[in-house]
Amino acid sequence: MQKPNITRTLGQIHFEDLEPHRFEDLVRQLIYDYKDWQSIEATGRGGADDGYDIRAYEKHVEILQNSDDEITEPLPPMEGRRWMIQCKREKEIGAAKVKKIIDEGVNPADAPYGYILAASANISKKTYDAFRDTLRAAGVMEFYLWGKAELEDLLLLPKNDRILFTFFGISLVTKRQSKTAELRSRITVKNKLIGLLGSNAIFHNDVLIRDLNDEFYPFDELNPDFSNKPGWKKYTAFEHHPLGIWCHVHEYFGYIDLEKKEYDYVAIHDFVIDNDQNDELTTKRHQLQMSIRKHWELLPKHKQVHIKTEGLLKFEDIVLIDPKGDTKYEIPHLFIDYQGKTSPFYRLVDVVDLLSEELVLKDFRRIKYFKDQFEKLEIGKIHTDLNIDIAQTTVEEYAKHNSVPALYSLDSKYAQLNSKDVILLPAESDEGRTYWMVTAIYTCKLSEHLANHPHLYHLKNTVESQLKKNITDQKKINVYEIKRFYD
């Protein structure tokens with residue numbers, strides 16, 4: 001069974017923190033508008049209370065008629081229905097204890113009209129029943145038992161908010177006002193972003209996210225820790241979310257194994273960069289990218305992916321929006337109060353695009369697959385005389401469409417090939433022959449190979465054309481993936 005979502009609520013009210021007389025004061029405050037009182041007396045404060053903690057008189061304006069239809073006089077103006085209110089700040093209170101409290105406090109010969117027992121404990125059904133039966137036997141006409149739950153209910157009524165604040169320092173009205181202000185602010189930010197980024201669910205717009213407390217903008221060289229904790233950074237916002245907007249944070253060369261639910265990425269090169277870099281840095285980045293790519297392309301094609309990190313920027317974290325930006329960044333500036341955080345994002349997720357669908361990698365495990373350094377790629381053996389029986393049209397299709405070219409065999413026909421070896425594919429003339437590098441070598445069932453490349457609709461025909469025979473989907477084949485090689 002799915003676990004319930006935990007929400008933030010008001011914690012239980014600790015009546016036990018009040019000393020007994022203060023608990024009496026609380027109950028007296030709660031009864032002020034409970035009835036139309038003539039008077040309320042805090043008798044418990046003076047000691048020798050004859051069982052009364054609070055005595056109250058309810059206004060009585062009823063005119064009675066006798067059996068001869070003669071109107072009798074109402075009660076005197078200062079008289080009224082007498083109520084007894086007793087307060088017990090107890091952690092536990094049971095049926096026997098309630099009966100004892102009533103027997104000691106209520107005299108059946110001079111029973112009050114009404115009775116309230118307020119106790120800071122949880123009340124059981126058995127206790128309620130004993131309370132009701134005992135007071136009926138004593139001749140009390142109206143009675144109420146307020147346990148911890150009833151007291152909390154009364155305190156949470158909007159009319160009693162001042163009492164809740166006076167005794168416990170909690171104001172739900174203030175909270176509601178604060179929540180209303182927060183909600184109004186979020187709605188304002190959301191509407192501004194829709195105006196700037198568009199109302200479509202998917203979009204593609206650059207924004208500059210800035211730390212509200214940063215003092216160095218736009219001079220990053222003045223901040224010695226800028227590379228680790230940048231005070232501003234440009235991101236691409238791409239999608240609306242009920243809580244905010246999604247931004248592209250990182251993108252790396254990646255590896256994925258869908259069967260083992262494993263992945264890894266090369267963190268030393270990030271495709272998401274500030275485009276305002278100088279020529280020297282741009283050249284170094286390009287060289288690093290090419291070095292990583294050469295090793296990354298040695299993976300089987302279906303395991304080559306770009307791992308992206310996406311960040312959710314919440315509306316409530318955006319404290320200010322500059323819609324026009326400035327001469328350095330003529331894009332919207334979003335100011336965030338980092339408050340000691342290293343990232344402005346509420347949530348970061350790793351995702352990968354597979355066949356035009358986005359896969360969130362929350363159930364995947366990151367492993368150590370890539371090396372920390374990528375040395376120069378050394379090619380293997382160059383095979384110029386290998387007899388490769390493949391149709392010329394197939395070679396041309398490989399070169400034209402850059403699909404997933406591969407050699408296929410059912411035996412040891414290409415057993416001498418290793419990863420990084422170079423081969424020559426046939427052509428109509430020697431001048432037209434092209435070099436290809438073997439990238440990945442593996443064996444799998446034909447059905448698995450087809451499932452790994454569902455976008456290649458004629459792949460089975462291509463495999464059978466090379467093998468010159470029809471094969472079942474469960475037949476194992478040797479796959480030698482290749483790519484164009486340029487010296």
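Visitor: What residue in E5 stands opposite Ala 118?

Guide: Trp 146 does. The model is predicted: local features need pLDDT of at least 70, side-chain atom pairs count only at pLDDT 80 or more, and totals for chains, interfaces and linings use all residues. Residues are numbered from 1 along each chain as its sequence is written, and side-chain values use heavy atoms, leaving out hydrogens and water.

Visitor: Why are E4 and E5 called a pair?

Guide: Pairing takes at least two DSSP bridges between two strands. E4 (residues 114-119) and E5 have five, in the parallel sense. So they pair. Elements here are DSSP runs, numbered from the N terminus: helices are H or I with at least four residues, strands are E with at least two.

Visitor: What makes the crossover from E4 to E5 right-handed?

Guide: The chain goes from E4 through helix H3 (residues 125-138) to E5. With the strands pointing away from the viewer, a path that runs clockwise from the first strand over the helix to the second is right-handed. This β-α-β crossover is right-handed.

Visitor: Why is E5 called mostly covered?

Guide: Four of the five residues in E5 (residues 142-146) are buried. Buried means under 20% relative accessible area, exposed over 50%, partly exposed in between (1.4 Å probe, protein chains only).

Visitor: How do you know that the buried residues of H2 share a side?

Guide: In H2 (residues 95-105), the buried residues are Ala 95, Val 98, Ile 101, Ile 102 and Gly 105. They span an arc of only 125° around the axis, so they are on the same side of H2. That arc is taken from the directions from the helix axis to the C-beta atoms. On the other side, Ala 96, Lys 100 and Glu 104 are exposed.

Visitor: What puts Lys 420 in the partly exposed class?

Guide: Its 28% relative accessibility does. Lys 420 is in the loop between strand E17 (406-409) and strand E18 (422-425). Phi of Lys 420 is about 80°, positive although it is not a glycine.

Visitor: Where does Pro 218 lie?

Guide: Pro 218 sits in the loop between strand E6 (202-211) and E7. A cis peptide bond joins Tyr 217 to Pro 218, with omega about 5°.
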